[in-house]
Amino acid sequence: MKKDVLIYVKGTQEYPINSFENSIEFFTEGKFYKKGESYFVTYKESELTGLAGTTTTFKIQPDLITLIRWGDVTSTFIFEPGKRHISTYITDQGVIMIGVYTKKMKVDLDDSGGEVLVEYAIDLDSHMMSENDFLLKIKEAGVKN
């Protein structure tokens, strides 16, 4: 059964080439459910993230997370600790193939929500582009701590 949830998202990007750092954090409403051994979190992006018109879904397993974006921006990123996966990023300007190397991943979820932390690096044609991380905190809507 899909539950209405409140999702806290914090993401950071560091670009070592020009020592630039960018971060974003926000709360949004979404859905949370379990199918088989996987948890799913889904929400609609907004103007704040620059991805309005896009729906984001995380498929979360203990040792593997798949980030799927569908809509105006379409992409699939796979996060698996200690491994590099080639991911696609499709925009109006074309398709970009991106390397995603997952350094660290922590999943602490149960049927009522929890937290997910991922630290990863992005490369383009094997040239380091950025160091990144994101934190998701998922809590059932209307439930007080």
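The questions and answers below concern strands, pairing and surface patches in a predicted model.

Q: Which residue of strand 3 is the bridge partner of Tyr33?
A: Strand 2 (residues 20-35) runs antiparallel to strand 3, and the two pair over six bridges. They form a hairpin with two residues between them, and Gly36 in the turn has a positive phi of about 65°. Within strand 3, the bridge partner of Tyr33 is Phe40.

Q: Which residue in strand 4 stands opposite Tyr43?
A: Strand 3 also pairs with strand 4 (residues 54-61), in the antiparallel sense and over six bridges. In this pairing, the residue of strand 4 that stands opposite Tyr43 is Thr56.

Q: What is the accessible area, taken together, of the nonpolar patch formed by Ile86, Ile90, Val95 and Met97?
A: The patch lies on the surface, and strand 7 (84-91) and strand 8 each supply at least two of its residues. One of its members, Ile86, is placed in strand 7. Together, Ile86, Ile90, Val95 and Met97 have an accessible area of about 350 Å².

Q: Is Ile86 buried, partly exposed or exposed?
A: The exposed class begins over 50% relative accessible area and the buried class lies under 20%, with partly exposed in between. Ile86 has a relative accessible area of 49%, and therefore it counts as partly exposed.

Q: In which loop is Asp111 found?
A: Asp111 gathers with Asp108, Asp110 and Glu115 in a patch of negative charge on the surface. With a relative accessible area of 44%, Asp111 is partly exposed. Its place is the loop between strand 8 (94-110) and strand 9 (113-124).

Q: What distance separates the C-alpha atoms of Gln13 and Thr102?
A: Gln13 is placed in strand 1 (residues 3-15), and at 29% relative accessibility it counts as partly exposed. Gln13 and Thr102 are 89 residues apart along the chain, and their C-alpha atoms are separated by 14 Å.

Key:
Residues are numbered from 1 along each chain as its sequence is written. This is a predicted model: local features need pLDDT of at least 70, side-chain atom pairs count only at pLDDT 80 or more; totals for chains, interfaces and linings use all residues. Side-chain values use heavy atoms; hydrogens and water are left out. Patches are made of residues with over 30% relative accessible area and no salt bridge: like charges are joined within 9 Å, nonpolar side chains (Val, Leu, Ile, Met, Phe, Trp, Tyr) within 5 Å. Accessible areas come from the Shrake-Rupley method with a 1.4 Å probe; for residues, only the protein chains shown count as cover. A salt bridge is a side-chain nitrogen of Lys or Arg within 4 Å of a carboxyl oxygen of Asp or Glu. Lys and Arg count as positive and Asp and Glu as negative; His and the chain ends are not counted. The place of a charge is taken as NZ of Lys, CZ of Arg, CG of Asp or CD of Glu. Helices (H or I, at least four residues) and strands (E, at least two) are DSSP runs, numbered from the N terminus. Buried means under 20% relative accessible area, exposed over 50%, partly exposed in between (1.4 Å probe, protein chains only). Two strands pair if DSSP finds at least two bridges between them.
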